[in-house]
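I opened my notebook beside the model today to look up a few things. Here are my entries, in the order I made them.

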Amino acid sequence: MSIRILGTGSALPSRAVTNEEIAELVETSDEWIRERTGIAGRHVSTGETVASLAAGACDMALRNARKSADEVELLLVATCSPEDVAPCAACQVQKEIGAGNAVAFDLNAACAGFLFALHTAWAYVESGIYRNALVAGSEVLSKLVDWKDRGTCILFGDGAGAVFVEKCEEGGILGFVQHSDGKKGGVLTGVGRPLDNHWFHLNPDGNYLNMDGREIFSFAVRQIPKTIEEALEKAGIALGDVDLFLLHQANRRIIEGISKRLGVDMARFPMNLERMGNTSSASIPLLLDELNRKGELRSGMRLVLSGFGAGLTCGACVLEWK
Ligand code: UT7
């Protein structure tokens, strides 16, 4: 028994911000950002919240799965940037979409959060506690970012993606791996903040996201190929039998490094970071929804989802599309 993804959804803030606009704030250029990251633009909240974006994505995933909100048994929101400590974002989403019969809670594993939440849903369904789950990754990192630090503000974007999953007897998720290394926690840190970014209004207190970009870069390029191979082994699937690798959209060069180490052509690594930037826990479900809506995911296709981030955390999931 496993779970399969029946529907996907996504939501983005209405305000799109170009590299040129960022170059007006910090000493950088469109050329540098494109070359070093692959990012050309991102969406930034001017009022949208983790809960409102997650609710939009969840609503869409339910419609895509042809399910109603009152059928949802478990509602998980992965986020590291909620507006409130309580109630959690998942309970706010529950209220917003009317999923009155669901059990709802948040989960934080930074950029690997969506994968960890998906694995949690899988464990609940496999153990027979619930039959289905709505799983979202939602972030408004623009309020955690120092818009005067060119090492971080060029990278991140806001948004949410969601999937509806249900119990299945065949196919679905075939293998899963998760890792955490708290000893390396210091390489990406942040404190909780209210909604606050340059396009909203400036916050002067200086408690922003702090990142050793190079350290995370090399962690991802070294660790993700191993994590993917581990998950493939658990699933009993060969690397050559995977149709698409949907990786956390952090930096084009990281994805290129991983594809090189795995010996897999870049054509099998779809990307949307050019338009979205790094949306942390939202990046994998945002990409999944985009491919689903374009009709690029066909029944029987084998997908690998893999992400990494603060913690440090990383994970990989092998699944067969419905
Ligand atoms: O989602 C998980 C969490 N985060 C990540 O995945 C981030 C992973 N890391 C990265 O994506 C990259 O490390 C960054 C995009 C953050 C930085 O790129 P990099 O190629 O690692 O640059 P760097 O930090 O090694 O800096 C190279 C040079 C430096 O100048 P010098 O010392 O060589 O003169 C920086 O000062 O580039 C300079 N630099 C910039 N120049 C123009 C750094 N940021 C910028 C910038 N514009 N925005």
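**Entry 1: the surroundings of one cysteine.** I started with Cys111 and listed its contacts (heavy atoms within 4.5 Å). Leaving aside neighbours within four places in sequence, I found Cys111 in contact with His248, Asn278, Ser280, Ser281, Phe308 and Gly309. I placed Cys111 in the loop between strand S5 (103-107) and helix H5 (113-126). Helices (H or I, at least four residues) and strands (E, at least two) are DSSP runs, numbered from the N terminus.

A note to myself on the source: this is a predicted model, where local features need pLDDT of at least 70 and side-chain atom pairs count only at pLDDT 80 or more, while totals for chains, interfaces and linings use all residues. Residues are numbered from 1 along each chain as its sequence is written, and side-chain values use heavy atoms, with hydrogens and water left out.

Entry 2: How many disulfides does the structure hold? I found zero, taking a disulfide as a pair of cysteine sulfur atoms within 2.5 Å. For Cys58, the nearest cysteine sulfur is that of Cys88, 12 Å away. For Cys111, the nearest is the sulfur of Cys80, at 6.2 Å. The C-alpha atoms of Cys111 and Cys80 are separated by 8.2 Å, and the two residues are 31 apart along the chain.

I also checked burial, where buried means under 20% relative accessible area, exposed over 50%, and partly exposed in between (1.4 Å probe, protein chains only). Cys58 is buried because its relative accessibility is 0%. Cys111 is buried too, with a relative accessible area of 10%.

**Entry 3: Asn278.** I then moved to Asn278, in the loop between helix H9 (273-276) and helix H10 (283-293). Asn278 counts as buried, at 3% relative accessibility. Its side chain has a polar contact of 3.3 Å with the side chain of His248. A polar contact is a pair of N or O atoms within 3.5 Å; within protein, one must be able to donate a hydrogen and the other to accept it, and residues adjacent in sequence count only if both atoms are side-chain atoms. The Asn278 side chain also reaches the backbone nitrogen of Ser280 at 2.9 Å.

**Entry 4: strand S6.** Why is S6 (residues 132-139) largely enclosed by the rest of the structure? I saw that eight of its eight residues are buried. S6 pairs with strand S4 (residues 74-78) in the parallel sense over four bridges, pairing being at least two DSSP bridges between two strands. Leu75 stands opposite Leu134 in S6. With strand S7 (residues 159-168), S6 pairs in the antiparallel sense over eight bridges.
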